[in-house]
Amino acid sequence: MNISLPDQMKNWVEESVQTGFYANASDYVRDLIRQDHQKMAALRQALIEGEHSGEAHKFDLEAFISTKKQTAQ
């Protein structure tokens, strides 16, 4: 697989590798893919939990603001 990057992104990858945290550009990209996979899994889990959390209730913005103002004093 070949990936084309603009110079700015290529420089960023190269700088990240030079820090020593990544062995090479492929290692950096693999880490990004793993992180993306973990974020998507967490988002899916949050959506599932939200669906199972019960019925939604109308949010009263004015009451919320009023309560915040009272607690701030």
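Reply: Start with Phe21, which counts as exposed because its relative accessibility is 63%. The cut-offs are under 20% relative accessible area for buried, over 50% for exposed and partly exposed in between, with a 1.4 Å probe and protein chains only. Keep in mind that this is a predicted model, where local features need pLDDT of at least 70, side-chain atom pairs count only at pLDDT 80 or more, and totals for chains, interfaces and linings use all residues. Residues are numbered from 1 along each chain as its sequence is written, and side-chain values use heavy atoms, leaving out hydrogens and water.

Me: Is Tyr22 buried or exposed?
Reply: Tyr22 is buried, at a relative accessible area of 13%.

Me: How do I read ring pairs, and how many aromatic pairs are there?
Reply: You describe a pair of aromatic rings by the distance of the centres and the angle of the planes. Rings of Phe, Tyr and Trp (its six-membered ring) pair if their centres lie within 6.5 Å; planes under 30 degrees apart are stacked, over 60 edge-to-face, and the rest tilted. This structure has 3 aromatic pairs. Phe21 and Tyr22 are edge-to-face, because their ring centres are 4.9 Å apart and their planes sit at 85°. Ring pairs also link Phe21, Tyr22 and Tyr28 into a cluster.

Me: What about Phe59 and Phe64?
Reply: That aromatic pair, Phe59 and Phe64, is tilted, with 5.5 Å centre to centre and 50° between the planes. Phe59 counts as exposed at 55% relative accessibility, while Phe64 is partly exposed, with a relative accessible area of 40%.
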